[in-house]
Each structure stands twice: as structure tokens, then as C-alpha cells.
Amino acid sequence: MVFIQPHFWRTQYLGQKKDIIVNSNCEKVELKVNGVSKGAQNLDVANFHTVTFKDIAVEKGNLTAVATKNGINITTQIYFGR
């Protein structure tokens with residue numbers, strides 16, 4: 001599983017930078033904003049399978065987390081800015 005926090009967004013967040021927390025039982029997770037990678041981090045028991053991507057600019061479009069475990073990708077996505 002992979003889960004993005006916060007899972008809700010408000011229009012006043014547009015243009016701001018926020019920390020995005022991702023929880024997953026996978027080995028690695030990559031965060032993307034509108035298809036552009038914002039980095040990847042490893043998950044394990046030491047970090048309680050939770051990582052933080054710092055200072056991510058909030059934009060209209062898609063926020064995607066792609067987690068990988070045993071070579072299989074699991075994706076979750078939030079759409080913002082309807």
C-alpha cells in the first residue's frame with residue numbers, strides 16, 4: 001500500500017511549499033508533481049515506513065506517489081485544482 005498525507009488540499013495552498021508525508025509498506029517511494037519527479041526515498045522499519053518530502057510546491061494537477069516492492073509498482077494519486 002501507499003498513502004499520501006495530507007490527502008486533502010485547499011486552494012489557498014496553491015503556490016505554497018508544503019511537506020508531503022508518504023506512508024507505505026514498500027521498499028522505496030518516488031513522489032511526482034504533474035509527472036515531474038521530486039525524488040525518491042527508501043522505507044523501512046527504522047523510519048516506520050514513513051518518509052517526508054520537504055518543501056514541495058503545491059501546483060494544480062496531479063500529486064503521485066509510486067511505491068516499489070519486489071519489483072512491483074503501486075501508485076496512488078491526488079488531483080488538485082478542479
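Trainee: Is isoleucine 21 exposed, partly exposed or buried?

Mentor: Isoleucine 21 counts as partly exposed, because its relative accessibility is 30%. The classes are buried under 20% relative accessible area, exposed over 50%, and partly exposed in between, with a 1.4 Å probe and protein chains only. Keep in mind that this is a predicted model: local features need pLDDT of at least 70, side-chain atom pairs count only at pLDDT 80 or more, and totals for chains, interfaces and linings use all residues. Residues are numbered from 1 along each chain as its sequence is written, and side-chain values use heavy atoms, with hydrogens and water left out.

Trainee: Which strand is isoleucine 21 in?

Mentor: Strand S2 holds isoleucine 21. Strands (E, at least two residues) and helices (H or I, at least four) are DSSP runs, numbered from the N terminus.

Trainee: What does isoleucine 21 touch, leaving out residues up to four places away in sequence?

Mentor: Its partners are Phe3, Ile4, Gln5, Thr50, Val51 and Thr52. A contact means heavy atoms within 4.5 Å.

Trainee: Switching to charges, how many salt bridges does a search of the whole structure find?

Mentor: The search finds 1, where a salt bridge is a side-chain nitrogen of Lys or Arg within 4 Å of a carboxyl oxygen of Asp or Glu. Lysine 54 pairs with aspartate 19, and their closest N and O atoms are 3.6 Å apart.

Trainee: Where do the two partners sit in the chain?

Mentor: Lysine 54 is in strand S5 (residues 50–57) and aspartate 19 is in strand S2 (residues 17–24), so the pair links distant parts of the chain, 35 residues apart. Lysine 54 counts as exposed at 56% relative accessibility, while aspartate 19 is partly exposed at 35%.

Trainee: And overall, how many helices and strands are in the protein chain?

Mentor: There are 0 helices and 7 strands. The radius of gyration is 12 Å, close to the 12 Å from the globule rule for 82 residues, so the chain is as compact as a globular protein of that length. That radius is taken over C-alpha atoms, and the rule is 2.2 Å times the number of residues to the power 0.38.

Trainee: What share of the residues is buried?

Mentor: Buried residues are 30% of the 82. Of the contacts with a separation of 6 or more, 54% join residues 24 or more positions apart.
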